[in-house]
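Work through the exercises below with the sequence and the 3D structure at hand. Each task is followed by a solution in steps.

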Amino acid sequence: MKRWLLLLAVLVAPLLTSQAVPHRGGESYVYLSFYQDSTHLNLQISARDLNRALGLDLPWERDYARPKPPEEAALRAAVAARLDTIRTYAENAFTLRAAGGDPIPRTFTGFSTLGAGDKIGYFVVLKYDLDHTAIPEAMEVGFEALFEVDRSRRNLVIIDQDWRTSTFQEEANEILFLDPGRPIQTLDLSGATLWSGFLGMVRFGIIHILEGLDHILFLLALVLPAVLIREGKRWKPVQNFRTAFWKIVTIVTFFTIAHSVTLALAALKIVSLPSLLVESIIAGSIAVAAIHNLAPRFIRHEATIAFAFGLFHGFGFASLLEPLGLGQEYTALTLLGFNLGVEVGQVFIIALIFPVLYLIRRPSWYRTVVLRYGSVLLILIAAFWFVERAFEVPLTAKVKDLIRPLYYALIGR
């Protein structure tokens with residue numbers, strides 16, 4: 001038993017303790033975000049590199065052991081005091097113009113800091129708005145920061161957001177790799193189309209339903225009893241596939257209708273609910289569906305449960321679209337594409353789970369082990385999430401803190 005627990009810890013701990021580090025040492029970055037009615041630019045240089053290039057003494061190291069490292073405040077103060085010097089250096093190293101044409105106007109809007117890995121430290125982020133009307137399909141982009149002191153260096157140009165190229169936040173694409181031999185290169189957006197953007201939103205919806213564990217577990221709680229029928233006070237296996245199939249189709253259809261309605265209402269800003277409330281109810285919906293498996297009170301009304309809680313799941317899906325900065329022109333295509341992706345993801349999940357449950361529905365252990373104990377496990381997971389979300393208690397962080405020492409003890413750092 002102990003061996004199994006140790007193995008489970010080794011397998012799970014990397015997922016709980018991993019840190020996403022999008023930046024690497026020895027590189028600076030140009031981030032471009034294209035929205036329907038605005039375009040934004042970020043120039044990112046590590047504080048350590050700014051010290052190297054300009055002879056500054058910016059604090060750059062980051063200590064991940066502290067939740068809010070005080071050195072970040074010290075860095076912000078130091079950058080604010082030397083902002084003119086840093087801006088002059090970065091802007092002189094940066095080039096953005098229409099291919100073979102004039103520079104694209106930009107307006108400085110402020111700065112921030114961004115923590116990367118322990119050995120890399122903090123980045124200084126300079127923020128700009130670009131003249132959206134002057135953005136051509138092809139433009140020349142260059143960023144020669146640190147090339148004067150390091151000829152082996154490369155800097156990256158990244159599209160962080162562009163609906164038409166199906167690039168969305170958290171899915172940044174490294175487009176150009178600049179080096180001293182080719183410090184300025186051409187960025188061609190002529191292939192960007194509404195169709196590629198629509199397909200990108202479909203993919204966006206598929207990915208997020210597959211990654212949305214709370215939505216998957218809610219569906220699972222509804223699917224577990226779909227291969228059974230209630231007679232008196234006992235669950236019994238359904239006699240044919242058609243009965244079970246139409247039951248699950250009805251449940252999923254009602255869930256789909258509900259979350260499609262609230263997804264549209266929230267995305268169009270017609271109805272808005274606090275995120276804390278929505279996420280808490282989504283966690284609670286898993287528990288309610290699972291409790292109903294153990295103590296059914298609404299037999300033949302599972303579709304009603306799916307519809308009622310599906311309304312809140314729709315608000316949860318809508319929160320994924322908020323960062324995309326959608327304008328009126330793309331709203332319909334975005335909602336259609338994203339919703340279609342969610343449905344494709346749902347069908348994929350049901351197609352994997354449902355046939356297996358149907359095949360194993362007859363043995364008594366299905367009703368005890370799979371339905372009963374599976375539902376109890378779902379209730380425990382839902383309760384964990386509900387407490388964490390509703391009362392803003394960082395339970396996940398506490399679990400990470402408990403598991404991390406064991407993980408390091410078993411496999412090292």
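**Exercise 1. Which helix supplies the largest share of the nonpolar patch, and with how many residues?**

Solution. This is a predicted model.
Step 1. List the members: the patch consists of Leu294, Trp365, Val369, Tyr373, Val376 and Leu380. Together they make a nonpolar surface of about 570 Å².
Step 2. Assign them to an element. Helix α11, residues 364-390, gives the largest share, 5 residues.
Step 3. Take one member as a check. Tyr373 lies in helix α11. Its relative accessibility is 51%. The cut-off for exposed is over 50%, so Tyr373 counts as exposed.

**Exercise 2. Is Asn51 buried or exposed?**

Solution. 
Step 1. Locate the residue: Asn51 is part of helix α2, residues 47-54.
Step 2. Compare its value with the cut-off. The relative accessible area of Asn51 is 15%, and buried means under 20%. Asn51 is therefore buried.
Step 3. Look at what surrounds the residue. Neighbours within four places in sequence aside, Asn51 contacts Leu56, Asp57, Leu58 and Trp60.

**Exercise 3. Which residues of strand β9 are on the covered face, and which on the uncovered one?**

Solution. 
Step 1. Recall the rule: side chains in a regular strand alternate between the two faces of the sheet.
Step 2. Apply it to residues 184-188. Gln185 and Leu187 form the covered face of β9, while Ile184, Thr186 and Asp188 form the uncovered face.
Step 3. Find the partner strand. Strand β6, residues 138-143, runs antiparallel to β9 and is joined to it by 5 bridges. In one of these strands' pairings, Val141 has Gln185 as its bridge partner.

**Exercise 4. Which residues have the most contacts inside the largest nonpolar core?**

Solution. 
Step 1. Name the residues. The largest nonpolar core holds 39 residues, and Val30, Leu43, Leu58, Val141 and Phe143 have the most contacts inside it.
Step 2. Note the second group. Another core, of 35 residues, lies apart from the largest one; Ile286, Phe354, Tyr366 and Leu378 are among its members.
Step 3. Beyond four places in sequence, the contacts of Val141 include Val30, Phe94, Leu96, Val157 and Leu176. Pro183, Ile184, Gln185 and Leu187 are also among them.

Notes
Residues numbered from 1 in each chain as written. Predicted model: local features only at pLDDT ≥ 70, side-chain atom pairs only at ≥ 80, totals over all residues. Heavy atoms only, no water. Buried < 20%, exposed > 50% of the residue type's maximum accessible area, 1.4 Å probe, protein only. Helix = DSSP H or I, 4+ residues; strand = E, 2+ residues; numbered from the N terminus. Pairing = 2+ DSSP bridges. Patch = residues over 30% accessible without salt bridge, like charges linked within 9 Å, V, L, I, M, F, W, Y side chains within 5 Å. Areas by Shrake-Rupley, 256 points an atom, 1.4 Å probe, with all protein chains shown as cover. Salt bridge = Lys/Arg side-chain N within 4 Å of Asp/Glu carboxyl O. Contact = heavy atoms within 4.5 Å. Core = buried A, V, L, I, M, F, W, Y, C linked by side-chain atoms within 4.5 Å.
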